[in-house]
Amino acid sequence: MIALASLTVLSPFIAAVVGMLLGLRLSRLLETRGVPGHRVLRNGPAVIAVVASALATLFALIVAVTLWLDPGPREGTLTLIPTGTLPIAVGLQVDGLAAVVGLMVCCVALAVQVYSIAYLAEDPRYSSYAAFVSLFTSAMLLVVFAGDLLLLYVGWEVMGVCSYFLIGHHWEDRANSRAAVKAFLVTRTGDVGFLFGIFVLGVGAGTFQIDEVLRRVGDLPDTTVLAATLLLLAGVAGKSAQFPLHTWLPDAMAGPTPISALIHAATMVAAGIYVVARLYPAFLAAPTALAVLGVMAAISMLGAALAALAQSDLKRVLAYSTISQLAYMAAGLAVGTRSGAVFHLLTHGAFKALLFLAAGCVIYVTGSNLLRDYGGLREAMPITFWSMTIGFAALVGLPPVSGFFSKDAIIEAALHAESGIPGPVATIVYLTLLVTVAVTAAYATRAWLMTFFGTARTAFTPREAPRLMSWPVGILAVPTAILGFFGLGASELRPHLGSAALSLLLAGAGGYGAYAVWRRDPALDPARVLGPVRTTFERGFHVDDVYDRVVVAPVRALARAVVGVDDRVIDRAVESSAGVTRAFGGLLRRPQNGNPQTYLTGLLAGMAVIVLAVVIFV
Amino acid sequence: MIQAIDYAAIAPVLIIAAAAVALLLADAFDVPKRFLGLGCAGALLAGLVAVIALAFGGPRATFCLPSGLRGDGPPSCSYVADDFALLFQVIVLAAAVIVVLMSFDEITASRLPAGEYYFLLLCALIGALTLVAARDLVLLIVALETLSLPVFALVALRRYDGRAGEAALKLFLISVISAAVMLFGISLVYGVTGAMHLDRVAAALARTPADLKPVAAVGVVMVIAGFAFKVAAVPFHFWAPDVYQGSPLPVAALLSVVSKAGGFAGLVITVAIGFPSYGHVWGPLLAVLAALTMTLGNVVALRQRHAVRLLAWSSVAQSGYMLAPLAVGARRLPDAVAATAAYVALYAVMNIGAFAVVAAVARRYARNFLTDYRGLARANPAAAAALAFFLVCLAGLPPGVMGLFAKIVVFRATVAGDVVWLAVVMAINTVIGLYYYLAWAVRLFAAPETEGPPLRTGWAVGAAIGAAAAGAVVLSVAPQLVVQTVSAIT
Amino acid sequence: MILLAMLAVPLAGALLLLVPGLRQNRLHGTVVSGITLILALAAALAFDHGNPRMQLEVDRAWAPAIGLRFHLGVDGISLPLVVLTALLTFLCFLYLLRHPAAGGASPALLTALLLVLEVGMLGTFVALDLVLFFVFFEVVLIPMYVVIAVWGGPGRRAAAYKFILYTLLGSGVLLVGLLLVGVNAGTLDMVELAARHGEGLSRGMQITAFLLIGLGLAVKAPMWPLHTWLPDAHTEAPTVGSVLLAGVLLKMGTYGLVRLALPLAPEGAEFWAPWLGLLAVIGIIYGALACLAQSDLKRMIAFSSVGHMGFVLLGIATLTPVGVNAALFGNIAHGLITGLLFFLAGAIKERYGTGDLDELGGGMLAKAPRLAAILTFACVASLGLPGLAGFWGEMLALLGAYQPGAGLPRETFVTFMVFGGLGAVLTAAYFLRMLAKITHGTPADGPVVAGVTRHEYAAWVPLITLTIVIGLWPKLILDLTSAPVRALLGGG
Amino acid sequence: MHILYPLVVAALLFSIGVYGVLARRNAILVLMSVELMLNSVNLNLVTFDVWLRDRLHGGQVLTLFTIVIAAAEIGLGLAIVLLVFRNRESIDVDRLRALAESDAEPPADSVVERQGPAGQGDQVAVSSRRAPQ
C-alpha cells in the first residue's frame, strides 16, 4: 500500500529526471529508428512524461480503490533523519482524503500531459516543460501523501519552484519572467510563515509526524495551536491565492494554458485547502484561526468575483474565478464542513481544469487571450462549446452538474456554522457566499456569451482544436457533469432545498443581468455598464499597486541604502583605517627630523616621564 | 688574594680578543685584505666551536667572590657561561660570521681600512660575548660600553662620507647619554642595595626598606633605560634609523642583530636575575614600552621608501615584540625569558638574511630605495626569493614558519602572564607589519622600470645570503629546534 | 597515517614544482590533487560512521616546550569538510586544464600555490592541536593573496591586500584567544579541551576567550560587519580563487567556531550567543539587500555568501545540536553551491567578457542554454529550495533558533528566526532578479557564445550531483555530524 | 657629613649635564656636559661606597671603570667631532640633518653604481654637504 503510494510519487519524479536528461536523446533515437505511427510517438519527452503519468494514475487508482474497499489510514516510514532535535521521518501516510485527492491530481496531470503534446507541439523546450510538469506532479503527490510535516514542506516548496519555471516557460517575454518571479516570491513569503507554523506545531507536539501531531493537538496550549495555525494560514493564503497573498495568480496566467489548468486551477492552488483539511483537527482546536480563514475567504471570494467580472482576458477571468472558488473551499473549512470543502475541491479540480483546457482550445484557435477578440465560436467548436458550457454551469452551480452539489454543501454548512467561529463571522461568510453566487453567474455568463455567441470580432479561421486537445476537454466534461452525484452518498453533502433554491435564484438573477446587458449590443463588452468602477475591478482593486508602494519600493530603496552604507560607512571605515594609520605614521615620524638634540630631548623627556610615573605609582 | 680563573669558560672571549690583536698586527704588516677577512671569519668560527664545546659541559662560572668575602650570601660570580649565555654567544658569533661575509665587498667598495675594521668588529664582539655572560653590574656596563665604543668608530669609518660622521655622532651622543643614565641608575641601585653582583642585588632589593623603594625603583628603570637604548625601544630609538642609514651595511646589520641580541641578553639578565622583586615596576613599564615600540616602529615603517630605513624601523618594531614577553613581570618569568630568547634567536636569522640581500642590492643601487627592488626577481632570482622569504618570515606568516613560531611563542608568553591587552596590540601590529613587508616582497616580483643586466652577488655576500637562507629554511621546517633548545636552557 | 599522507601529497606536489623539468607538466596539479582526493575518500571509507570519536588519529610530540603536539584526526564534523576541500581543489585543477587563469605568470606557480592552499585547508580541518590549527589556518593566507594579486581582475592589488590584512587581523586575535585558553587550561589538545567543556576556566576568562576566538574566526566566516574584504576579494579573484575562497576558506571560520569556540568556552558562548545571533541575522538581511542592488555578478554572489554564512552563524549561535548540525550542513551546502556559482560566474565572464548584469543583457537561456540552465539550477539551489542541499542548513538553523539552547533568551532568538525567514525570501528575490535579468528575455545580437566544454562539465557535474544527492538525502551528512555535535555540546 | 649633601650635589651635576646636552649646540660643549653627567655618577658611587662601608668596594671599582670609559668615550667622541668638522665645516649638532625622515628623492649622484673610483667618495661628501639643513 505505502509502496504503491511511494511509486505514485516516484514515477513522475523519475520521469522528470529521465526526461530532463535524456528526453531529447530519446526523441532523436525514435526519429532515427523511424518509429511508425503518429508523430506524438516520436516526441521523446512527451512519451516519457505521459507513460509516467499514466502509471502514477494507475497506482493512485489502485490505492484509492483499496482504501475504498478497506478504509482506515495506512502509514509507513522509510527512515528517520536525525537533526539534533526532533527527527524528520521520511514516510508516507495514506487515508481516504489523500487517496482521493491524489487520484484527482494524477488524472488532471495525465490530461494535461496529453493535452500539452498538441498545445506545445512546436516548442523547442518541450523536454524541460514536460519534466517540470512531471516534477510538479511528483511534488504535489508528496504533499498529498507526506506523513511528516517537513516532508510535506519539501513537496510544498518544490511545487512552488516548478510553478515558477512553468509560468516563465516563455521567458523571452519579460512579462512572463516577471510574473514567474512574482508568483514565486509571493508564495515564498507565505511559505516562510508556513514553515514557522510547522516549527511551532512540531516542536509543541514533540514530533513532525502528522498523525502524531494531530493526536497530540488536544494537549497543546491554546496559544501554541493558535500561533501554529495562523502561521500555517500564511502559507495557505500564499499557495491557495487568498487575500492578501492572491496577487500572483492572475499574473501567473502568463504561463502556457495547460499549466494554468494543472497548477493554477486544479492542483497546486488546492494544496493550501488540502493542507488545512489534512490538519483540520488542529484548526478546530483554534476557532480564532478559522475565523481569520473565514474573513480571508469572504474577502477573496467576493473581491475576486467582482474582479473577474471586469477582466478582458479570458484566462484572467478564470484566474479570478479560481481565487473566488478557492475561497469557497476556505469558507467551507472555516464554517466546519471539511467534507464539503474537499468535495468542492474535487469538483472544482475537474471543472476548472476543463475550463482552462477549453480556454486553451479557444486561444489556440483564435490566437488571442482577449474576450473582445472572440465571438460566435459555438458552431465551429462544438466539443469545446459544450464542454465549456458544462464547465461554466458547474462554476455557477447549476444542477445537475457537479458544482451545484458541492457549493450547496458549503452554503448549507455556513448557515449552521458548527466550527466554533464567532457568530458575526459566520453570518458574514454566509451572506458573502450568497452574493458571490450571483456575481459568479454574471461573470460566467459574460465570458460564455462573449466567447461563443454573437459574431466573430476578429479575423480567424473558426475550427475545432486538434483532437489531442479537444478530447481531454471532452473527457474532463464527464466528471464535471457527474462528480456531484458521488456526494449523494454522504448525508452532509446532499443538497438542501432551501439553500439550493436561494442560490439558484441568485444565480439566475446574476446570469440574467449579464445576458440582458449583452443582448443590447452583442458586439460590446457587457462589463461596460460597471462604469467608473470597472477599472478598479479590472486592476484587482489596485492591490498590486499598493504592494508596489508599500513593499517593493521600500525594499528596493533599502537595498540601495544598504549598498550605500556598505560602501560609504562600513567599507570606508575599514579602508580609512589604512589611511589613518598612514597619517598617524606621518605624524609620528615628525620628531625624526635628523636633529640629534630633538632626539636627546625625546629620550630624556621620556626618561623623565618614566621616572615620574615610577615615583608616583610605586 | 689570588683568584683562580676558569679559562675554559672565557675561552671564546679570549679567542676573539687574541684574533683582534693579531689582525691589527697583521694589517700593520700589509697582509692582503682578503686574508684579514678570512682570518676574522676563522676566528669567529673558532670562537663558535669553543662555545659549542662549552655547551656540552655543565655551566661554568668564574670571577666569583672568594668565600671569605661571600659570607653567607650567594656565590656571586661575575662571569657565568651557562646555557643561556652560550646560546646568546652562539647567536652573536653566528651573526658575526655573516656580518664578516657581508663586509668583504663593503670594505672594497667603500674603501674602508680593513685592519681597523676587523679589529673594531672583533672588539665589539668581545663586548657582546662578555655582556651575555656578565652577572654583575660592573661587568655589564663595561661590556656594554665595549660593545658600543668600537661601533661608533665602525659607523664613522667611511671617513669621506659626511653622513657616516653624522650617523656616528648621533649614535655616540645618544649612546653616551644613555650610558650616563644607566650608570646613574646603577649608582642608585648600588646605593640602595650595597651590591654590584646581581644575585646579591636581588636579595637586597627583596628587603628594601619602604622609604627607599622609590629610589630603588628609579634606579631599576634607569638601568633598564640603558638596555632600552641598545635594543632601540621607544623613546630610546631615535638613533636607529639615521644610524642604520648612515653606516656601512654590515655595521647596520651588526647593530640590528648582534648589538640588539646583546642588549636583550643584558636586559633579561638584569631584570630576571637582578630585579625580580621589582617585577611590578618593570613589568608594566616594559609592557608600555613594548606596545609603544612596536606600534611606532610599524607605523613609521609604513612610510619608508628607503630600504635600510625600513629595516631600521622594522627592527624597532621587532624589538617591541621581543620586549613583550618580559611585560609579564616576575610572573611566569622563565617562560617569558624563553620566549624573548627564542624570538631573538629566530629574529637574528631572518633579519641578518634581509640585510645580506640589501647589501647585495646596494652594490648596484647605492641609494637603496624600495623602488630599486622592482624586478629583482628577474635580475637575481635567488636573491629575490631569499629576500621574499626573509620578509615573509619577519611578517610571521607561513611559509615563513619560523617567524610564525616566533610570534606564537611571544604571544603565548604574553598571554600566559595575563597581559592580554598587549597581545591584542601585538596582533594589530602584526597586520601593519605585514603590509610593508608584503609590499616590499611584491616589489621584487614586479616588472622593473628599466630592464637591467642580471645582478651578480660576490661570493661572500652570496655565501652570507645562502647561509642565512639555509638557516631560515631549516628553522621553518623544524622551528621546534629553537623553541625546544631555548626552553631547555631557561 | 592516511591523514598525514593526505597532507604530505599536495605539499610534496608543490615542492616538486621546484624541479624545473616538472614545471611543464600540465597534468601535475590534477594528478596530485587527484591522489589527495583519493586519499580523502579513502579516509572517508576507513572512517567508522558509528563512532562519534576522533578517528585515524596521528599524535606526535612536536614542541613539548610550548605543549605543541602534531595531532591530527577526523570525526563526523570534519570529515565532510575534508572531502569537500579535496574535491573542490581537484575540480579546480580539472577546470584549469582547459581554462587557465588569465595573467602572465607561470601556470606552475599557480599549481604550486593551490597545492599549498590545499595543505592549509585540509590541515585546518584535521588539526587537533590549537597551535597546529592556527599554523594551518595561516598557511592559506599567502597563497591566496598571491593568487588574487597575480591572477585577479583590475582591482586585484587592493583586494588582495584587504584580504590578507583583514584576515590576518582576525587570526592575530584568534591566536590570542587560543593561547588564552591553552595556557590557562594547561593543554593545547583540542580533544582534551573539548572533553573538559571549559572546566577549569573562569567565567570571565571564557567570555574573553570566546570573544577573541569568535572575533578572529568571524572575520574569516565572514560575519557582518567584518565582511567587507569578501566582496572585493571575490570580485577580483580568478575563478579558481573565488571557488576555493567561497567553497572552503570561509568554512574555516565557521568550522573553527564549532570546533574551538563552542566546546572550549561554553560559558563564553552562552554569553555571546545572542550577539552572535544578532550579527548573523543582520548579515542575512543585509547580505540579501546588498545583493538586490548589486550590478556585478561575482559581487552579488559574494554578498550572497555573507547571507548564507549568516544562516550558518545563526545555527551556531543557537548552541543547540540542531543549530550546529545546521551550521555544518550549511557549510557543505554553501561550499558546493557557491563553488558552482563562482565557476559559472567565471565561465560567464570568460565568454561575455564582463560580469556586469546590465551589460550581460538578457536571453542567456537562448544564447547559451546549458550554461544558463546550470546557472538557474545553482541559483535555485542557493536560494534554499527543499530537495537541494541549500535548504536543510537554512531550515535547521531556523528550527534551532526557534528552540535555542538552555540559558539563551528564547524571545530574542524567535525574533532572529523571523528575520532569518524574511532573509530567505529576500534571498529568493535577488537570485530570481538576477536570473530574470540575464537568463530571460531576448538576447541582443552578438557573437555566438561558446557552449559548455567537457572540462567545465567535469568540474561542475560532481557539484551538481552532490547538491542533489545531499539535498534529497540529508541523512548522509546529518548522520555523520549528529553524534559528534551532541558530544561537542556536552550532551554525551 | 650627611649623605644627602653629596647626593644632592650629584643630582645637580647630573641635571646641569642634562641641561647642557639639551641646550648647547656646539658638539664639544655637549661632550663636556656628558662628562658632567658621568662625573655625577662617580660622585654618587663613591658616596654610597663610603656610606655603605662596602667591603667589596663595588662603588669605587665602578668609579674607576667609569673614568676609563669616560676617557675612551671622550676620545672617540672628539675624533668623531673632528671627522664631522672636516666634512661639514661645522660642529653644531642641530645642523646635522642629512639623515632624517623625508620624502625627498635622494641626490641623483648616489644612484649610480658605486664602483669605487677615486674621487667618487669626495663627490658624495660634497653633495651631502649641500644636503637640506
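Chain A is divided into domain 1 (1–147) and domain 2 (539–570), with bounds that come from an automatic or database domain assignment. The centres of domain 1 of chain A and domain 2 of chain A, taken over C-alpha atoms, are separated by 40 Å. This is a predicted model, in which local features need pLDDT of at least 70 and side-chain atom pairs count only at pLDDT 80 or more, while totals for chains, interfaces and linings use all residues. Residues are numbered from 1 along each chain as its sequence is written, and chains are lettered from A and ligands numbered from 1 in the order in which they are written.

**Chain A as a whole**

- Chain A has 23 helices and 2 strands; helices (H or I, at least four residues) and strands (E, at least two) are DSSP runs, numbered from the N terminus.
- Along the principal axes, the C-alpha atoms of chain A fill a box of roughly 115 × 60 × 60 Å.
- Chain A has 618 residues, and 60% of them count as buried. A residue is buried if 20 or more other C-beta atoms lie within 10 Å of its own, exposed if 12 or fewer, and partly exposed in between, with C-beta atoms placed from the backbone.
- Of the contacts in chain A with a separation of 6 or more, 81% are accounted for by residues 24 or more positions apart. Two residues are in contact if their C-beta atoms, placed from the backbone, lie within 7 Å.

**A closer look at Thr480(A)**

- You will find Thr480(A) in helix α19 (residues 467–486) of chain A.
- Thr480(A) is buried because 27 other C-beta atoms lie within 10 Å.
- Thr347(A) is 133 residues away along the chain, yet its C-alpha atom and that of Thr480(A) are separated by 6.5 Å.
- Not counting residues up to four places away in sequence, Thr480(A) touches several residues, among them Ala350(A), Phe351(A), Leu354(A), Ile390(A) and Ser402(A).

**Chain C**

- Chain C contains 21 helices and 2 strands.
- A compact globule of 492 residues would have a radius of gyration near 23 Å, and chain C agrees with this at 21 Å. The radius of gyration is taken over C-alpha atoms, and the globule rule is 2.2 Å times the number of residues to the power 0.38.
- The box filled by the C-alpha atoms of chain C is roughly 70 × 60 × 40 Å, taken along the principal axes.
- In chain C, 69% of the 492 residues count as buried.
- Among contacts in chain C between residues at least 6 apart in sequence, 80% join residues at least 24 apart.

**Annotated spans in chains B and C**

- An unreviewed UniProt entry gives the annotation "domain: NADH:quinone oxidoreductase/Mrp antiporter transmembrane" for residues 127–405 of chain C. UniProt positions are given in the numbering used here, feature names are shortened, and annotations may be inferred rather than shown by experiment.
- That span of chain C, residues 127–405, is 81% helix and 0% strand, and its end C-alpha atoms lie 28 Å apart.
- For chain B, UniProt (unreviewed entry) lists residues 134–433 under "domain: NADH:quinone oxidoreductase/Mrp antiporter transmembrane".
- Residues 134–433 of chain B are 77% helix and 0% strand, with end C-alpha atoms 34 Å apart.

**Where the chains meet**

- Of the 5 pairs of chains in contact, chains B and D share the most contacts.
- In that pair, 48 residues of chain D are in contact with 44 residues of chain B.
- On the side of chain D that touches chain B, α1 (4–23), α2 (27–52), α3 (58–88) and α4 (120–129) of chain D each supply at least two residues, and α3(D) gives the largest share, 17 residues.
- By class, this side of chain D has 30 nonpolar, 10 polar and 8 charged residues. Ala, Val, Leu, Ile, Met, Phe, Trp, Tyr, Cys and Pro count as nonpolar, Asp, Glu, Lys and Arg as charged, and the others, Gly among them, as polar.
- Elsewhere, 35 residues of chain A are in contact with 38 residues of chain C.
- On the side of chain A that touches chain C, α6(A) gives the most, with 12 residues.
- No contact joins chain C and chain D, and their closest C-alpha atoms lie 23 Å apart.

**The largest nonpolar core**

- The largest nonpolar core has 757 residues, and those touching the most other members include Ala331(A), Val92(B) and Val221(B). Such a core is a set of buried Ala, Val, Leu, Ile, Met, Phe, Trp, Tyr and Cys residues joined through C-beta atoms within 7 Å.
- Helix α14 (residues 333–362) of chain B provides the largest share of this core, 25 residues.
- Leaving aside neighbours within four places in sequence, Val221(B) is in contact with residues including Ile610(A), Val611(A), Val614(A) and Trp282(B).
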